[in-house]
Structures are given as C-alpha cells and as structure tokens.
Amino acid sequence: MDTIIEIDGRVPLLPHEFHINLQNATTAIPHPIIPYHISLRWQPETTNSTVVNSWISGQWDEESVFGSLLRPNYNFKITIYVKKEGYSTVIKAPVKPYSTVLPFFVHKTDPSIINYLYIQGDVKIFSIQVSRI
C-alpha cells in the first residue's frame, strides 16, 4: 500500500535551511534511522540547493543535490509518495519553476520502519495530510 504525504507551508523571508525526515523514532539520541531526508538550503556564500539523502547504518549516504526549488517568502506544497520501490516527490510553488518532480529515490532500507514525520528549520507549516492508497 502506498502512502501520500502532503505538506503545505511557507518559506520565510530570510531562510537558512529546513528539512523533512521520514524516520523511525521521535528521539534525536540515539540517532534515528532516516530512510528519506529532504533538505532545502539557502546559503548566500554558496549555491542554494535541495538535497535528498538517507541516514542508515550510522551515517549519511551519498547526497543527491539539485538546484533551489523554493523561493523565500512564498507558499509551497510538497507531496511525497512513498511507493513500494521508493520515493517520488513533487514540489509546487506559485513562482518559477512552479512544479518540480525530484528524481525517483530508491529505498535504501525497509520503509515499513518509518513511524515519524519530522520537520525542522526555517519554515511555517500550515497543514500536513497523510493518506494511504
């Protein structure tokens, strides 16, 4: 059975970073297993970026890095599809690039261990919806 997670929010005017984790625990210590991690970063010294990764076996795996997909001071909708084979993510915003589909991210560990959605950083969340199809 597939799961759809829809997150509606807004990036503040001067953000630094926010991330979304699909993980197996509510605690930070010991470090949870994070099968799916999305980090949106705005860093004046470097290129703004969107990073996808996973934390398994006590370390980060190899990052997949993409250009900045959200702009500060705008609303957004991020939809994560947890499928049998992996994760598909769509990021929508009212400004260009409007809608972006991230490359498919294949499971690196069993997704059935996910029992917690964790969001932290420079972001205002309006709503979160989780459904199974």
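Q: In which loop is Ile113 found?
A: This is a predicted model, and its strands are numbered from the N terminus. Strand S11 covers residues 116-121. Ile113 is found in the loop between S10 and S11.

Q: Is Ile113 buried, partly exposed or exposed?
A: Buried means under 20% relative accessible area and exposed means over 50%, with partly exposed in between. The relative accessibility of Ile113 is 28%. Ile113 therefore counts as partly exposed.

Q: Which residues does Ile113 touch, not counting residues up to four places away in sequence?
A: Contact means heavy atoms within 4.5 Å. With residues up to four places away in sequence left out, the residues that Ile113 touches are Gln23, Asn24, Ile33 and Pro35.

Q: How far apart in space are Ile113 and Val95, C-alpha to C-alpha?
A: Along the sequence, Ile113 and Val95 are 18 residues apart. In space, the distance from C-alpha to C-alpha is 35 Å.

Q: How many helices and how many strands are there in the protein?
A: Read along the sequence, the pattern is β-β-β-β-β-β-β-β-β-β-β-β. The count is zero helices and 12 strands.

Q: How does the radius of gyration of the protein compare with the globule rule for 133 residues?
A: The globule rule gives 14 Å for 133 residues, and the radius of gyration of the protein is close to that, so the protein is as compact as a globular protein of that length. Along the principal axes, the C-alpha trace spans about 35 × 35 × 25 Å. The radius of gyration itself is 14 Å.

Q: What percentage of the residues of the protein count as buried?
A: A residue is buried when its relative accessible area is under 20%. The protein has 133 residues. The part of them that counts as buried is 38%.

Q: What part of the accessible surface of the protein belongs to carbon and sulfur atoms?
A: The accessible surface comes to about 7500 Å². Of this surface, the part that belongs to carbon and sulfur atoms is 53%.

Q: Which residues is Ile80 in contact with, leaving aside its neighbours within four places in sequence?
A: Ile80 is one of the residues that touch the most other members of the largest nonpolar core. Leaving aside neighbours within four places in sequence, the contacts of Ile80 are Thr3, Ile4, Ile5, Ile20, Leu22, Tyr36, Ile38, Tyr87, Ser88 and Thr89.

Q: Is Phe105 buried or exposed?
A: Phe105 lies in strand S10, residues 105-106. Not counting residues up to four places away in sequence, Phe105 touches Pro35, Tyr36, Val52, Asn53, Ser54, Gly86 and Tyr87. The relative accessible area of Phe105 is 6%, and the limit for buried is under 20%. Phe105 is therefore buried.

Q: Where is Ser57, and what is its phi?
A: The place of Ser57 is in the loop between S4 (49-56) and S5 (59-60). At 75% relative accessibility, Ser57 counts as exposed. Ser57 is not a glycine, yet its phi is positive, at about 55°.

Q: What is the relative accessible area of Asn73?
A: Asn73 lies in the loop between S6 (64-67) and S7. Asn73 is a residue other than glycine, but it has a positive phi, near 70°. Asn73 is partly exposed, and its relative accessible area is 35%.

Q: Is Ala28 buried or exposed?
A: Ala28 is found in the loop between S2 and S3. The relative accessibility of Ala28 is 60%, and the limit for exposed is over 50%. Ala28 therefore counts as exposed.

Q: Which residues does Ile133 touch, not counting residues up to four places away in sequence?
A: Ile133 is found in the segment after strand S12 (124-132). With a relative accessible area of 58%, Ile133 is exposed. Not counting residues up to four places away in sequence, the residues that Ile133 touches are Met1, Asp2 and Ile4.

Notes:
Residues are numbered from 1 along each chain as its sequence is written. This is a predicted model: local features need pLDDT of at least 70, side-chain atom pairs count only at pLDDT 80 or more; totals for chains, interfaces and linings use all residues. Side-chain values use heavy atoms; hydrogens and water are left out. Helices (H or I, at least four residues) and strands (E, at least two) are DSSP runs, numbered from the N terminus. The radius of gyration is taken over C-alpha atoms; the globule rule is 2.2 Å times the number of residues to the power 0.38. Buried means under 20% relative accessible area, exposed over 50%, partly exposed in between (1.4 Å probe, protein chains only). Accessible areas come from the Shrake-Rupley method with a 1.4 Å probe; for residues, only the protein chains shown count as cover. A nonpolar core is a set of buried Ala, Val, Leu, Ile, Met, Phe, Trp, Tyr and Cys residues joined through side-chain atoms within 4.5 Å.
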